[in-house]
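The sequence and the structure are shown first.

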Amino acid sequence: MQNEDYEEMIEDLEIQNEELTNQPTDLEAKNDEANRKIKMLEDDLYKAETNSDSFESKVIDLEIEVTSINNILKKMEAAEGLQTEREEKLEENIRVLEQTKSELSIR
């Protein structure tokens, strides 16, 4: 081999050495970026879980409120039925009294 061949081999080896020297730095940078993204995703997940807990609590509160309103509505419907019966009885009493009055005035 000639000197030129040796010099070219040395240059190639120096380039390879530099590339291999830079490779761990590139991998560290990629690892740091991956860790940063993981941290961001963990933070987003925590926020989503917190929001989910808050929404679940609101849903439970609303379900309780709906149940309460439903019970009030049932009571009002029952009271309306009783009121209708009472009204019908009073109207019947009025008819009976008017008929009795008419009969008494005819005599």
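This is a predicted model: local features need pLDDT of at least 70, side-chain atom pairs count only at pLDDT 80 or more; totals for chains, interfaces and linings use all residues.

A salt bridge is a side-chain nitrogen of Lys or Arg within 4 Å of a carboxyl oxygen of Asp or Glu. By that criterion, the side chains of Asp 43 and Lys 39 meet in a salt bridge, with 3.2 Å from N to O.

The overall form of the chain may be considered next. The protein chain contains one helix and zero strands. Its radius of gyration is 45 Å, whereas the globule rule gives 13 Å for 107 residues, so the chain is more spread out than a compact globule. Along the principal axes, the C-alpha atoms fill a box of roughly 155 × 20 × 15 Å. A pair of residues illustrates the spacing along the chain: Glu 49 and Glu 28 are separated by 21 residues in sequence and by 31 Å in space, C-alpha to C-alpha. Glu 49 is found in helix 1, and this residue counts as partly exposed at 43% relative accessibility.

The surface follows. Buried residues make up 0% of the 107 residues in the protein chain; a residue is called buried when its relative accessible area is under 20%. The accessible surface comes to about 10400 Å², and carbon and sulfur atoms account for 55% of that area.

Charge is a further theme. On the surface, Glu 4, Asp 5, Glu 7, Glu 8, Glu 11, Asp 12 and Glu 14 gather in a patch of negative charge. One of these residues, Glu 7, lies in helix 1 and is partly exposed, with a relative accessible area of 49%.

A nonpolar patch also involves this part of the sequence. Tyr 6, Met 9 and Ile 10 make a nonpolar surface patch of about 290 Å². Tyr 6 belongs to helix 1, which spans residues 3-106.

The discussion now returns to pairs of charged residues. Side chains of opposite charge can pair when their charged atoms come close. How many salt bridges does a search of the whole structure find? The search finds three.

Another salt bridge joins the side chains of Glu 33 and Arg 36, at 2.6 Å from N to O. Both residues lie in helix 1, three residues apart, which is about one turn of the helix. Glu 33 is partly exposed, with a relative accessible area of 32%, while Arg 36 is partly exposed at 42%.

The remaining salt bridge is formed by Glu 92 with Arg 95, whose closest N and O atoms are 2.9 Å apart. Glu 92 and Arg 95 are both in helix 1, with a spacing of three residues, about one turn of the helix. Relative accessible areas of 39% for Glu 92 and 47% for Arg 95 place these residues in the partly exposed class.

Methods:
Residues are numbered from 1 along each chain as its sequence is written. Side-chain values use heavy atoms; hydrogens and water are left out. Patches are made of residues with over 30% relative accessible area and no salt bridge: like charges are joined within 9 Å, nonpolar side chains (Val, Leu, Ile, Met, Phe, Trp, Tyr) within 5 Å. Accessible areas come from the Shrake-Rupley method with a 1.4 Å probe; for residues, only the protein chains shown count as cover. Helices (H or I, at least four residues) and strands (E, at least two) are DSSP runs, numbered from the N terminus. Lys and Arg count as positive and Asp and Glu as negative; His and the chain ends are not counted. The place of a charge is taken as NZ of Lys, CZ of Arg, CG of Asp or CD of Glu. Buried means under 20% relative accessible area, exposed over 50%, partly exposed in between (1.4 Å probe, protein chains only). The radius of gyration is taken over C-alpha atoms; the globule rule is 2.2 Å times the number of residues to the power 0.38.
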